[in-house]
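User: I'm new to reading protein models. Could you help me see where the labels come from?

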Amino acid sequence: MILILMVLAANVSGQVPEKPSMLKGVGLNLTAKGGYYPQFIIRLRPSFELQGIASYAYHTPDVSHFTKTEVEGWFMGGGLAVLTRPLRSKPQDPSKSVKGSLRLGLKYMRGQMQYDAYKVFEGRSFDSYIYRDSQQKLKTDYGELSVGYEMVIKDRVKVDLIPIILGDSGVYSKSGFTLPFSAIGGHTGFPLAAGVGVSYLWR
Amino acid sequence: MEMRRFFILSIAIGTALGCFLLYGCDDEPCAGFEAEPYFLLHADSLNFKVYCTNNETGDTVHTNERDFALLPFDMNATQMKYDIYAPDFKGSLILDYILRGVECDYRSKMLLGFDHLSVNESSTFRDFYTLGIYQSRYSGIRIDSIENLADFFTPYSYGDVSNWTIRL
């Protein structure tokens, strides 16, 4: 997806090189639950932003069936952000160095993850027994809805403050248990997080 | 009018019964052990001993002399030998087994169950009784052959430990 977006960006920038509203950028997002993902963005229109995203997440959810569970995975996908300010009738003041907009984000990513879980059965007379349940290369989907605020500083730096990220992804273990897992990382319960992102922009 | 009332009442009772049955099915307890599996050996005499031996590593556990002996399975082995003295040597019971994790939705836990469990034919002690109502051998069923032992020790017979008790 990132490659497609990059090619698309290159083609578009080649065809319309001087279009002033077309911003491109690279950045990094962090979530309060420990997930992080780089992103490549293209703002084809002032009110819409396309994103190419790669994400890595690792966490150890509490699963009652196991003594310890470790889950990690990579996700890749795309997203769309809708910005409110360009949609307003009131035009932006070009003299301002910081421009803010409310934004609504939607992402979809497909990932490959793995988990390693074990349970210790206590031995009374003999040694304890460790039962292992692990799987590799499990495919899973991740969807995310976010609401936040964006600040563009001098058309060079973009700061995203996203207090609400609602996203979830789950996989089934070999034994049939649902392992809570999310690309936003650190997911152990309700799939809600907050995030912050910083991107470098160019035209 | 009476017929209509009877019809409605029948539907209501049928629905309630169906819900009860479905709910009851979900509440079935899980068959499996939360820790080291075991079965119980009971004797009228207090004077008996059992040596539980893991044939793979040679670990041996000596059960205390008491009314009930808890006979463990080594979870890291695939065969256990139980040498029984009551009070003289009466013989050995040898069990072959493979353990596995068992999903338990009802209790939301992982339990340990038997994927395979069989009585080894080299067992020399074949004179047990199942636990009877009055904990007397005369109210239990005699198990005096490999076939009977195999019927008793199956991977699915351990759901209730009280059903997995043998008597000398």
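Predicted model: local features only at pLDDT ≥ 70, side-chain atom pairs only at ≥ 80, totals over all residues.

User: What makes strand 2 and strand 3 of chain A a pair?

Analyst: Two strands pair if there are at least two bridges between them. Strand 2 (residues 36–45) and strand 3 (residues 48–59) of chain A have six bridges, in the antiparallel sense, so they meet that cut-off. Within this pairing, A:F40 stands opposite A:G52 in strand 3 of chain A. These two strands also form a hairpin, with two residues between them.

User: Which residues make up the contact between the chains, and what kinds does chain A bring?

Analyst: Chain A gives 17 residues and chain B gives 16 residues. Strand 5 (98–121) and strand 6 (129–153) of chain A each give two or more residues to chain A's side, and strand 6 of chain A gives the most, with three residues. That side divides into six nonpolar, six polar and five charged residues.

User: What does "buried" say about chain B?

Analyst: A residue is buried if 20 or more other C-beta atoms lie within 10 Å of its own. Of the 168 residues of chain B, 23% reach that mark. Chain B itself has two helices and 10 strands.

How values were computed: Residues numbered from 1 in each chain as written. Chains lettered and ligands numbered in written order. Contact = placed C-beta atoms within 7 Å. Helix = DSSP H or I, 4+ residues; strand = E, 2+ residues; numbered from the N terminus. Nonpolar A, V, L, I, M, F, W, Y, C, P; charged D, E, K, R; others polar. Buried ≥ 20, exposed ≤ 12 C-beta atoms within 10 Å, placed from the backbone.
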